[in-house]
Structures are given as structure tokens and as C-alpha cells.
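Open the structure in a viewer and follow the stops below in order. Each stop says what to select and what is there.

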Amino acid sequence: MSIIKTIDLTKKLGDFTANDRINISVEKQEIKCIVGENGAGKSTLMNMLYGLLRPTSGKILLHDKETVINGPMDAIAHGLGMVHQHFKLVPSLTVYENILLGTELKKSSKSPIIDRKKEIDEVTKLIEKYKFELNPTDKIEDISVGGRQRVEILKMLYRNVDILILDEPTAVLTPQEVDELFVNLKELRAQGKTIIVITHKLREVMELSDSVTVIKQGKVVGNVLTKDTSEEELAQMMVGREVVLTVQNTAENKASEEIAYQVENVCTINDYGKEVLQNISFCVHKGEILGVAGVEGNGQSELVKVLTGLMKTTKGKVSIYGKDVTDKWPDELRQNGLGIIPEDRYAQGLCGTMSIADNCIAGYHNAPDVCKFGLLDRKNISSKRDRFIKDFDIRVGDINGNVGQLSGGNAQKIIIAREFESNPKLLIACQPTRGVDIGSIEFIHKQILNFRNKGNAVLLISSELSEVMSLSDRIIVMYKGRIIGELSPKEVSRSEIGLLMAGIQNNKAKGAFL
Amino acid sequence: MDIIGNILYDTIYHSAPIILCVIGGIFAYKANVLNIALEGMMLIGAFVSTLTAFMTQNIALGVLLAMLAALAFGVVFSLMGVTFKGNVIIIGLAINLLASAIAKFVLVRMNTSNITLSFMNVADLKLHIPVVENIPLVGSILSGHPLITYISFLGIFFMWVLMYKTRFGIYVRVVGENEDAAKSIGLKTDFYKYAAILIGAVCCGLAGANLSTERLGLFTNDMTAGRGFIAIAAIYCGQGSPTLSAIYAIVFGLARALSVNLSIYAGPAAGLFDVIPYVIMVCVLTVVSVLKHKNNKIRGFKNE
């Protein structure tokens with residue numbers, strides 16, 4: 001008997017069919033993974049199950065009974081809970097307040113005043129029951145991302161759901177936190193819960209799930225038991241062709257001794273006066289990719305902002321090929337041969353409401369080939385755009401359309417094309433493949449390696465550990481605004497780096513650092 | 001000694017309407033709705049209370065209708081700003097202009113430049129608290145204020161309880177801080193925004209009644225003189241905390257008390273002292289914002 005089942009579930013958004021006759025079924029007490037590329041329709045499907053979207057046609061069966069779900073509260077009442085990718089927590093409230101949000105316990109049924117003590121007791125019991133690690137009185141803004149996720153899960157468990165849907169649960173976790181999450185999820189399964197996980201990380205699918213459903217372009221293209229399949233097979237189903245899962249940095253390390261990029265004792269503070277970067281020092285050699293690993297929120301964002309001219313330092317020095325560029329503005333940095341792939345492509349890399357052509361020259365408006373006597377040369381700009389589209393295989397629906405209409409992968413390729421075509425000597429690539437489909441990831445990784453092979457320097461900052469490990473020649477790990485270790489990716493394992501990312505320094509890493 | 005006593009008495013006296021606006025307005029602030037219509041809501045409250053009292057000679061009815069009139073403005077603001085998702089700045093501005101225009105229109109039709117309540121003596125509305133009244137200095141400062149002034153100070157505590165100790169307060173803050181979180185637990189976010197705005201409206205109506213009818217027995221147009229905006233400044237400086245924001249309101253009350261009391265000594269330049277509250281407001285805002293951003297290392301616009 002299946003606990004949840006969909007029959008020909010279809011969702012049309014205008015002319016676009018986001019979900020086309022989806023048939024899935026989930027058994028009681030199993031962990032089901034739903035995989036697919038970005039935009040394949042996974043989220044649409046889950047939003048229909050959770051009542052956030054109404055199906056255009058088709059049926060949802062819960063416990064073999066046809067059910068119409070009218071919104072999240074209704075879903076929860078039916079025993080269906082969801083943990084979203086972007087947590088729905090209130091940062092200034094405590095753990096227990098967030099868990100009990102909407103079901104506050106009052107001093108008595110008539111009193112309007114909330115009973116703090118009773119609430120804390122209740123949540124403590126809940127935490128103990130499911131063997132989670134949390135302190136009920138901590139504020140959300142003070143706890144780790146993994147902790148926040150546990151709060152989200154508890155929030156659902158408190159409401160007695162027996163089916164738990166998790167949307168991309170591992171995207172923001174350290175490897176250790178991922179392990180802990182998996183232990184927690186397996187414990188929940190043992191206690192009788194059914195779990196549906198949406199993800200695109202195939203390694204985790206293999207580790208966690210009992211069965212897998214693959215979705216491509218709104219259709220189910222595969223339904224397999226995990227033990228009967230492999231990562232490669234799943235990837236092939238997702239993309240529809242064979243893909244290289246990880247582009248390996250196979251070239252022999254031919255970095256020269258010449259230092260391309262030097263960062264010395266850089267410090268900076270955030271709005272609250274807290275030192276978010278403490279004495280950051282490293283160098284990147286010519287022909288080398290230096291990877292920066294670390295859990296998000298450990299200063300990488302600030303480091304990138306400082307290095308790309310969006311934020312000022314309080315101390316320290318940055319130089320490109322010996323030329324001091326500390327606290328220079330982004331345009332000056334670009335003139336000094338720096339190419340930038342920013343962290344948030346829509347906030348810092350592109351202007352979504354402007355045309356593709358305009359975005360192809362963004363930041364390089366004064367280049368002589370596009371700007372003559374202060375006037376933009378539209379013809380040249382258009383031909384530049386056409387060249388980018390051809391050379392970088394950017395798939396656009398409407399060539400005169402806005403960048404906002406492109407998928408994440410294609411939007412990212414515009415940035416890649418623009419930055420590489422300006423012939424930088426040094427590239428800072430921050431989260432270059434975030435939210436990008438598998439096919440484009442492969443392409444972007446190859447581009448970065450080619451760039452390095454031409455004798456340029458790359459600083460790669462990514463929270464995807466596998467990306468840092470497969471591309472980098474050397475890795476530094478950031479923790480709480482400091483660099484706590486330097487490693488060679490060929491000599492260490494994932495879990496060793498994971499420990500460093502969690503702030504635990506073992507001897508090996510220390511040795512490399514000292 | 002006398003002048004200090006006067007200044008402190010006037011501080012309480014002039015703080016009251018601002019405090020009322022502040023403790024009402026913090027709910028909209030916490031619900032993440034920028035309500036710049038506090039000024040207009042206060043003005044319509046002042047106008048309706050005096051007009052009603054003038055026509056019916058019933059002050060209580062005047063105060064009640066003042067709150068209802070402000071509430072009506074609050075409903076218009078919420079309807080346009082929350083339900084129809086209009087631009088709250090434009091709506092707020094329209095309401096401020098509308099309040100002033102209504103008052104002006106009626107005054108012109110009545111052929112007068114202000115409404116004076118000649119049937120009553122404002123001194124009769126002042127409450128003298130037994131025992132406290134007889135304490136030297138303190139008595140003369142704390143006693144002898146009209147009822148709504150006392151309500152405004154007690155309101156600080158009441159609003160603090162409402163904001164931090166009840167479901168309603170938590171939900172308003174949740175709606176303002178993370179609307180998605182509120183929706184995900186099934187809260188009707190628009191309801192909490194409405195409620196937050198309407199609490200502010202009622203308080204502003206009360207503030208208006210205090211300002212015109214209760215304190216002066218008089219209405220002249222535009223007599224709110226920017227108090228609604230001063231209240232917004234106090235709310236932002238105090239980041240929506242009932243106590244801290246009320247303290248800023250008292251600072252601005254003190255500024256007005258200074259301007260009133262010092263101008264007596266200024267002779268012909270007395271009018272110049274009217275600028276004190278506004279100068280102090282600019283100074284306080286500057287200092288608060290400098291302190292807040294002194295650590296800012298981010299260039300240009302901040303991506304939030």
C-alpha cells in the first residue's frame with residue numbers, strides 16, 4: 001500500500017506545462033528521492049502536494065483516498081509536512097518560539113499571555129524524543145544552518161506529520177552536517193515516518209534513499225530502486241545524454257613560481273563592528289587554481305566582496321602581479337586584469353531587466369570596441385552578443401529578450417563569456433555553478449580549467465566541496481573569518497576537509513598550514 | 001527652579017501625542033508597513049474631535065468620533081496599501097493631504113479660521129491626582145495633566161505586553177520579519193497588517209483629540225505641525241521597541257517644551273525658538289544614523 005500517490009498530475013503555467021501527467025507513488029516508511037535538473041518541475045510537483053499550487057488536472061491519493069489539499073495548513077492537517085530550501089524561520093525569535101509558532105501555549109485557555117516555561121518544556125521533550133541536537137532557548141540568528149534545518153524539521157514533527165518533504169536539504173550544509181541530517185532522517189524512518197527528498201546531488205541519493213524518481217522537463221523519466229541503479233545511470237536519465245559528472249583537474253600541476261595574486265593580512269568588519277575577516281593571507285601563482293572551501297557564512301562572501309571592490313578593508317594589502325590594488329573600485333580592478341564571476345549573479349553580475357546584449361558588455365562599457373566618442377556602438381555590441389551565444393553555447397529563446405528570461409545556467413554563461421572575453425589575467429570565480437544544470441556545470445568547469453591551462457590564475461570560492469576538490473590545485477579552508485588550513489586536494493579525503501570546515505583542526509591540516 | 005519645573009511639566013504634556021502615535025505606529029513598523037499617514041490620521045482626529053464637541057458640546061463623543069475618523073483613514077490606507085498593494089508612500093501622502101484639505105474645506109464653509117470650544121474650560125479637564133499632587137516639584141510635574149496624557153504613558157506598558165507577551169504581537173513581528181514563515185503556518189498575513197495599521201490609526205486619532213480638544217479646546221488647521229513625522233522618526237530611532245521608541249518620543253517632547261519655555265525670554269526673536277524641535281530631530285536622526293553606519297564597509301547600495 002502506498003501512503004502517497006499521484007495519478008496523471010498535471011500543472012500548466014500559462015502555455016508552459018511544468019508537470020505533465022506525473023505518476024509517482026511513495027511507500028510507507030521509505031525514503032524517496034526525487035531528482036531532476038533545475039527547472040525540471042520538482043518544486044512544482046512538491047508545491048502541488050503541499051497545497052501551494054492547484055493541479056490543473058490529475059489526482060493526489062493519500063492513504064489510497066483521493067484528497068484535495070487546500071494550502072499548507074491543510075497539508076499539515078493531512079499529516080504532510082514540508083521543509084523548504086529557504087527556511088521559513090524568524091531570526092529574532094528563539095528555537096522554541098519558532099517551533100511552536102502558530103500553536104503557542106498560553107497560561108490558561110482564557111489568558112492572552114504566553115507561557116514561556118511550558119513552551120520550553122514541551123520543545124525540550126520533542127528534541128529528546130527525536131534525538132536532535134538543539135538548545136531550545138537559542139535565537140535562530142545565532143545558530144548554524146544545520147541547526148536551523150533541525151528546527152524546521154521539528155516544527156513539522158511537532159505538528160504530528162507522518163510524511164516529511166525536504167526540498168534540497170543538503171544545499172547549505174557541511175559534509176558533517178549532511179551526515180548528521182542523514183542519521184536523523186534514518187532515525188525518523190525507523191520511528192515510522194515517510195520521507196521525500198528533492199535533490200540534484202546524486203551521491204547523496206545513493207547514500208540516503210530507498211527509491212528514486214527522476215523528472216525531466218516536467219515528465220517522469222525513471223522510477224528505480226536505489227539498489228538497482230548507479231549515479232551515472234541517474235545522471236544520464238536526468239540530462240538525457242551521457243555526462244561527465246566531475247570534470248577532473250587532470251593536468252599536471254604546472255603552476256609557475258611567479259605570484260599572480262597576493263593577499264596579505266586582510267581584515268574587515270561587518271555592520272555590527274564584528275571582525276568577519278581576520279588576517280587573511282594567501283597567494284595564487286600563475287597557472288594555478290586556488291580553491292577556497294568552507295561552509296557558507298564563514299567569511300567567504302565578505303572576502304569576495306573585498307577582493308572585487310564591493311567592500312573596504314580595515315587592514316591589509318592586495319596586489320595583482322605586484323601592483324597594489326587594495327580598496328580599488330571594481331572598474332579599476334578590471335583594468336588591472338581581474339575577471340569576476342560574482343556570488344549572486346542577479347544582484348552583482350547581471351541586470352535582469354536589461355537585454356542580453358547590454359549584459360554582454362556590462363562593466364566593460366568603455367572598451368574601445370563598443371564605445372566610440374562616448375556613444376555605444378550598437379552594431380558591434382550585437383555582433384559581440386552573437387559571438388558569445390555561438391562560442392559559449394548560450395541557449396536563448398528570444399535573442400532580443402531580457403536576461404531575466406534565461407535559465408540559471410544560460411544566464412551564468414553570459415557572465416562567463418563576458419569575463420573570459422575581456423582577457424583577464426586573474427579570475428575570481430565565486431559559486432560559479434550555483435543553480436546551474438548539470439550540462440552547464442560540465443561546460444563551466446572545462447572553461448575554468450582551460451583558462452588556467454593558458455597560464456592564468458584562478459581563485460575559486462565555492463560551498464560545493466566536490467567542485468573545489470575536483471578543480472583546485474591547492475585548497476584553503478575558511479572558518480569563522482580565518483583561514484584554518486591549506487591542503488592539496490590529491491592528498492586529502494572529503495571528510496578531512498569536512499572536519500576543517502567545521503573548525504576542527506587535525507594534525508595533517510595543521511602541518512600543511514604551518 | 002520654576003522654569004525647570006515648567007519644562008518638565010511641558011515635556012510630559014508635549015510628549016503625550018507623540019507617544020500615542022509612536023506606540024500605535026510601532027505595530028505597522030514591526031509588520032513591515034511604512035505608515036507615513038500618522039500625521040494625517042492625527043490631524044483628522046484633532047479636527048473631528050473639536051468639530052463634534054463644538055456641535056454636540058459632548059467631549060467624550062468628540063474623542064470617540066476622532067478615533068473612528070482616524071480608523072476610517074486607517075481602513076482606506078490598509079485597503080489600498082495591503083489589499084490592493086499600492087505604493088504606501090503615495091497613499092500615505094494622499095491621506096495626509098486629504099486630512100488637511102477636509103479640515104480646510106469645512107473651516108471655510110463655517111466661515112472661520114479656527115474652531116474654539118467656548119462652552120468649556122480646558123483647565124477643568126486636567127486631572128489632579130490626590131497625594132502625588134502635594135509632593136513638591138514632582139506633584140506639579142506629574143499631576144494636572146488631561147486624561148489622554150496619562151493614557152499615553154500607561155499605553156507604553158500595555159503595548160509592550162501586547163507586542164512581546166501575546167500571540168498577536170509575535171504574529172505581527174513574524175509577518176514583518178519573514179512573511180513566508182507566517183504564510184507557511186497559515187497566518188492570514190494581510191489580517192495582521194490591517195490590525196497593525198488600525199491600532200496605529202486609533203492611537204493617532206486619540207493623539208489628535210488630545211492635541212486639540214483636550215489640551216487647548218481649539219482647532220486650527222495643520223496644528224499637528226509634523227508631529228506624525230516626528231513620531232515616525234522616533235519609531236525608527238527606537239527600532240520599533242515600545243520603550244525605546246517612547247523614550248525618543250519624550251526627547252522630542254522635551255525639545256518642544258524647551259522651545260515653548262525658552263521663547264518667553266527671547267522677546268522679538270521668540271518665533272525662532274519654534275525651530276528647536278525640528279533642529280533636534282535632525283540632530284538626533286543624524287547621530288543615530290551615524291552610530292548605526294559607522295562600521296559600514298560596504299560600498300554603494302547594500303544588498304539585503
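**First stop: helix H15 of chain A**

Select residues 438-453 of chain A, helix H15: its 16 residues should span 22 Å at 1.5 Å a residue, and the end C-alpha atoms are 23 Å apart, which agrees. The expected span is 1.5 Å times one less than the number of residues, and helices (H or I, at least four residues) and strands (E, at least two) are DSSP runs numbered from the N terminus.

This is a predicted model, in which local features need pLDDT of at least 70 and side-chain atom pairs count only at pLDDT 80 or more, while totals for chains, interfaces and linings use all residues. Residues are numbered from 1 along each chain as its sequence is written, chains are lettered from A and ligands numbered from 1 in the order in which they are written, and side-chain values use heavy atoms, with hydrogens and water left out.

Colour H15(A) by accessibility next: 12 of its 16 residues are buried. Buried means under 20% relative accessible area, exposed over 50% and partly exposed in between (1.4 Å probe, protein chains only). Among the buried residues are A:Ile441, A:Ile444, A:Ile448 and A:Phe451. What do the buried residues of H15(A) pack against? Show helix H8 (231-239), strand S14 (289-293), helix H14 (408-421), strand S20 (426-430), strand S21 (457-461) and helix H16 (465-471) of chain A. Contact here means heavy atoms within 4.5 Å. Just after the helix, A:Gly455 has a positive phi of about 95 degrees.

Move to residues 145-158 of chain A, helix H5, where 14 residues reach 20 Å from first C-alpha to last, close to the 20 Å expected. H5(A) is mostly covered, with 12 of its 14 residues buried; these include the charged-type side chains A:Arg150, A:Glu152 and A:Lys155. A:Asn160 follows H5(A) and has a positive phi, near 60 degrees.

Then pick A:Ser2, in strand S1 (residues 2-13) of chain A. A:Ser2 has a relative accessible area of 8% and is therefore buried. Leaving out residues up to four places away in sequence, A:Ser2 touches A:Ser25, A:Val26, A:Glu27, A:His63 and A:Asp64.

**Helix pairs in chain B**

Select H3 (residues 59-83) and H4 (residues 88-109) of chain B, whose axes come within 10 Å and cross at roughly 155 degrees. Axes are lines fitted to C-alpha atoms, for helices over the stretch in contact, and angles run from 0 to 180 degrees between N-to-C directions. H3(B) and H4(B) are therefore roughly antiparallel. Angles under 35 degrees count as roughly parallel, over 145 as roughly antiparallel, 65 to 115 as roughly perpendicular and the rest as oblique. Residues making the contact include B:Phe73 and B:Phe77 of H3(B) and B:Ile91 and B:Ile95 of H4(B).

Now show H6 (residues 147-165) and H7 (residues 167-177) of chain B, packed at about 70 degrees with axes 5 Å apart. H6(B) and H7(B) are therefore roughly perpendicular. Among the contact residues are B:Leu162 and B:Tyr164 of H6(B) and B:Phe168 and B:Arg173 of H7(B).

**Last stop: B:Ile156**

Stay on helix H6 of chain B and pick B:Ile156. Is B:Ile156 buried or exposed? At 13% relative accessibility, B:Ile156 counts as buried. Beyond its neighbours within four places in sequence, B:Ile156 is in contact with B:Ile19, B:Ile23, B:Pro242, B:Thr243 and B:Ala246.
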